[in-house]
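Colleague: I am new to this structure. Could you take me through the terms used for it and what each one rests on?

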2 protein chains.
Amino acid sequence: MSGLSGLSMAMLTDKYELTMLAAALRDGTAHRRATFEVFARRLPDGRRYGVTAGTARFVEALQAFRFDDAELTALDGFLDSATLDYLADYRFTGDVDGYGEGELYFPGSPVLSVHGTFGECVLLETLALSIFNHDTAVASAAARMVSAAAGRPLIEMGSRRTHEQAAVAAARAAYLAGFTGSSNLEAERRHGVPALGTSAHAFTLLHTTDGGTPSDWEKSAFRAQVDVLGVGTTLLVDTYDITAGVANAVEVAGTRLGAVRIDSGDLGVLARQVRDQLDGLGATQTRIVVSGDLDEFSIAALRAEPVDVYGVGTSVVTGSGAPTAGMVYKLVEVDGIPVEKRSSHKESHGGRKQASRLAKKSGTIVEEVVYPAGDPPPHPVDLEARTLTVPLMRAGEPVADIGLAAARTRVGDGLLSLPWDGLSLSRGDAAVPTRMVAPRRGRV
Amino acid sequence: MSGLSGLSMAMLTDKYELTMLAAALRDGTAHRRATFEVFARRLPDGRRYGVTAGTARFVEALQAFRFDDAELTALDGFLDSATLDYLADYRFTGDVDGYGEGELYFPGSPVLSVHGTFGECVLLETLALSIFNHDTAVASAAARMVSAAAGRPLIEMGSRRTHEQAAVAAARAAYLAGFTGSSNLEAERRHGVPALGTSAHAFTLLHTTDGGTPSDWEKSAFRAQVDVLGVGTTLLVDTYDITAGVANAVEVAGTRLGAVRIDSGDLGVLARQVRDQLDGLGATQTRIVVSGDLDEFSIAALRAEPVDVYGVGTSVVTGSGAPTAGMVYKLVEVDGIPVEKRSSHKESHGGRKQASRLAKKSGTIVEEVVYPAGDPPPHPVDLEARTLTVPLMRAGEPVADIGLAAARTRVGDGLLSLPWDGLSLSRGDAAVPTRMVAPRRGRV
C-alpha cells in the first residue's frame, strides 16, 4: 500500500517519548487514559486560513508503528527491560478523531485527537506532528496558489527543492489542495498523483555537439522529443533565444504542438509575445506553460496574461515562507479530567474537544466553535452548523474514508465557503474567529 | 547500512528525466559523455557562507538507484520498451567528484560533478538536488547557530517540525555542522547522531490526577523520571511555576541534579533567576537548558546569560528562513565540449570545473577560484591554495572517506578560516568572492 514497508515508523520518534514512557511504566501512570490533541495556536504570519493535511498518511503510518527486533536492539542501551517488553508488544489500539483531511482550519482547531493509554499515545507525538506540520504547510500554501490561479492548472515541480521523501508527501499535499499533478514519479505510484513533465534545458544543450547553429541544436532536441512524445508534448523554448525557440518548436512539431514552456525572464511580457507569435504562426491552440520561482503572488500577477499552466517549485514545497505549520501535540485530558499547562503564554486548553463550523445560509462561514466532546454542538438560530470532528480510527483500525479525492473536494468546498477577504493574499487575520467553549468542569 | 533498504530511490525522480532519457535513447544522444554540476548561483539572502551537506547520503543513495520490476511496471504506461530495457539494466557506473562534505561553499562553488553518459546522469537530477538542497540548507543554518553559541552545546530537537524522513536527515545535517546531538532516535540508528532528551510537559500533566497541589503533581512526575533516569537527568521546570519547579526539582533530585530545562518565557531573565536559585539551593553544578523558538539570533542574544545548553527546533530544521539551498544540477559538458544556456540571467558556466580556495598564511581565506578541470590549480605568490574538489566515486564505487566525523571537522575548520565579518549573523555579501576562470576553448 505505501511503498514504505521496509521503513521503520517507530524510530521516527524523539528520545524523550521513550524515556517518559519508561518513567510512566515505572510509576504506573502509563496506563492512565489520555487524550492528546493536535492543533495550531496560530496561523503562519498573516495567513487567513490553513488546510489540514496529513490525516491519511498519519492513519496509515500508525498502523505500521511497531518495534521490531532491530529497533529494540537499538533501544537496548537506555531503556529498562519492562519498557522494552512493552515496546515489543506495542500496537496502537486506541481511537482517533479529527477533521476530515482537506478541511480548512483556524487557530485552535483540534484537527486531530488521539485517545488511548498515556503510554500508547505519548510515543506518537513526533510522528503525528512531523506528518501534520509538513503536509499542512505545503497544502496551505498550495491552496493559496490554486486560488490565485483562478482556475488555471498548476503543476507541482519542486521535488528537487526539498528532502527526497518530503518531496513525495509535498506532491501529495499540493495535489490535495487542488494542483493538477506533480513531476514526482513516486507520488504517482504511492498516492496516485498524476505525474507530468517533459524536458529540461539539459536536453537541448545535449544536442550542442551535433554541429551547426543553436537553432540547429534546438531543432534536433525538439525533433527527438516529438519523435517519442508526439506533437502534444511541451517544448522548452528558452534555452537560447525565445523567439527563435518558438519558431523552431512550431517548425518541428507543427501548429498542433501541445505547449511551449518558458522558464526564465519576465514571464508576463514573454507570455504575451509568445502568444502573439504562436497565433501568428497558426498555432492558436498551443498552450503556454510558465515556470521559474513562481509563488502565489506572481501567479496572481499573471492573471491578465495569456498563461495556460503554471509550474511551481520551491515556493509550494517550502510552504511559501511558512515551511512548518506550527502544530503541537498536547495532553489535554487524563482519566477524564481536563489538564493544561499554566506557566506562560503557551497555555493549552484542557479537555477533549470537538469542533463545529458556523455558516450563513449562503454558505459563507462566520465562526469556528471548539467545544467539549460530548456536549451538544452549537445550535445557532440563523446559522448552519457543520460538525468538523469525525471518527478516523476505532480500536486501532481506520473507520473513515481517507481517500485523496474526498480531501480535494473538501479543500475546494472550503475555499468556496470563505468570506471574500479570507481569499485575499495580503497579510491579515484569520478569516473567521475561533470560539473556545470551556469544559463545564474545569480543573487546574 | 541505511535502514532504507525497502525504499526505492529510483522513483524519487521527476518524470521529465525519464522522458528526456527516452528521447535521447531514440536519437542516440543518450550515450554521449556528459558532466552535470551541482552548484548554487547565490547564497540565501544575506548569508555569508554555506555548508556543503548531503554528499555521503547522495553517494549511498546512488548505489541503491535501481529500477526493479515494480518500478518498471509503474513506468510502463509512458515509456517505450527500449527505455524500459535501459532502466532494467541501470546502475550508475560513472565518476563523481566534489567538495568534501562539510566544506564551506560560496556562489558558483561546484560542490558536486557527475560524469557519465547523458542517460545515466540525467536521471539523477532530482535525487542529487533533493539531498543537497535539503541537507545543505539545514547544515548552513546550523553552522550559524553553532558559531552564535560560542562553544556551548546545541541539541537539535526539530523532528516534529519537518517531514518525518527529512527529520532524520536534518538531525544528521545539524550534527555535521557542530550540534552535540539530536532528539531523533532514527538519526542515531541510521547515522550515529547521539540521541538526547528527557521529558515533556505532558509527563508532568499526566500526574495531575494524583490529587494534591500542582507542586505535588510536579514532584510525582520528577520522582518518576529520576527513578528511571537517575539524578543526572534534565527536569522540565516550567509546567506550572518556574520558581516552584526549580525548588521541586532540587527537593526530589538533590543538589546533584544534572540539569533543568526552561521552555517558555523570557529565557534570559529566567536563566539568571534560575541560576541564582539553583546556586542558593547548593545545586551549583546543575546546568540550565533553554529551548523554545530559538534561532541563531536569540542564541547570540543569550551569550551573556548563564545558559549551559540550547535546544533548537523549528529554526534549524527549516534552515532558519532558507529552507532550501537553491542548488541546481546543470549539464556543463558534452563529449568534452563545454555547453551553457544563454537566454537569460540564469546562464550557467560551461565546462567541467574544479575549485581551489586561497588563504593567507594565517589561514584566513580570501578567494574561491573555480577553474577548468585539468588546468593547473592557481599558484598565488603570497597565498596558500587548497584544492577543494576530490574524487568521490570512480566507476560507480565510492572512493573517498565519507564519514560524518571528517565532515564535522571540515565545518569547524571552515568556520575558523572565515574572515571576521564572515561570521557575522547580519545580512551581507558572501564572505569571500568567487572567481570563475573561463575554459580555454569555449563554445557557445
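Modeller: This is a predicted model. Between chain A and chain B there are 38 residue pairs in polar contact, both residues at pLDDT 80 or more.

Colleague: Which parts of chain A make up the side that touches chain B?

Modeller: At least two residues each come from α1 (15-27), α3 (69-75), α6 (125-149), α7 (164-176), α8 (185-191), α9 (201-206), α10 (214-229) and β12 (327-334) of chain A. The most come from α1(A), which gives 11 residues. By kind, the residues of this side of chain A are 42 nonpolar, 37 polar and 27 charged.

Colleague: Why is the pair A:Arg189 and B:Glu71 called a salt bridge?

Modeller: The term asks for a side-chain nitrogen of Lys or Arg within 4 Å of a carboxyl oxygen of Asp or Glu. The side chains of A:Arg189 and B:Glu71 come to 3.5 Å, N to O, so the pair qualifies as a salt bridge. The count between chain A and chain B is 8 salt bridges.

Colleague: How many residues of each chain are in contact with the other chain?

Modeller: The contact takes in 106 residues of chain A and 106 residues of chain B.

Colleague: What is often used to give the size of an interface?

Modeller: The accessible area lost when the parts come together is often used. Here chain A and chain B bury about 8,600 Å² between them, and 61% of it is on carbon and sulfur atoms. A:Arg160, A:Glu164 and A:Leu185 supply 9% of the area that chain A buries against chain B, more than any other three residues.

Colleague: How do you know how the two copies are related?

Modeller: Chain A is superposed on chain B by a rotation of 180° with 0.0 Å of shift along its axis, at an RMSD of 0.0 Å. The two copies are therefore related as by a two-fold rotation axis. The same surface serves both copies, as 100% of the contact residues of chain A recur in chain B.

Colleague: Which feature does UniProt place at residues 11-133 of chain A?

Modeller: The unreviewed UniProt entry gives "domain: Nicotinate phosphoribosyltransferase N-terminal" there. In the model, that span is 41% helix and 19% strand, with its end C-alpha atoms 18 Å apart.

Conventions
Residues are numbered from 1 along each chain as its sequence is written. Chains are lettered from A and ligands numbered from 1 in the order in which they are written. This is a predicted model: local features need pLDDT of at least 70, side-chain atom pairs count only at pLDDT 80 or more; totals for chains, interfaces and linings use all residues. Side-chain values use heavy atoms; hydrogens and water are left out. Contact means heavy atoms within 4.5 Å. Buried area is the accessible area (1.4 Å probe) that two parts lose on being put together, summed over both. A polar contact is a pair of N or O atoms within 3.5 Å; within protein, one must be able to donate a hydrogen and the other to accept it, and residues adjacent in sequence count only if both atoms are side-chain atoms. Helices (H or I, at least four residues) and strands (E, at least two) are DSSP runs, numbered from the N terminus. Ala, Val, Leu, Ile, Met, Phe, Trp, Tyr, Cys and Pro count as nonpolar, Asp, Glu, Lys and Arg as charged, and the others, Gly among them, as polar. Copies are superposed by least squares on the C-alpha atoms of residues with pLDDT of at least 70 in both. UniProt positions are given in the numbering used here, feature names are shortened, and annotations may be inferred rather than shown by experiment.
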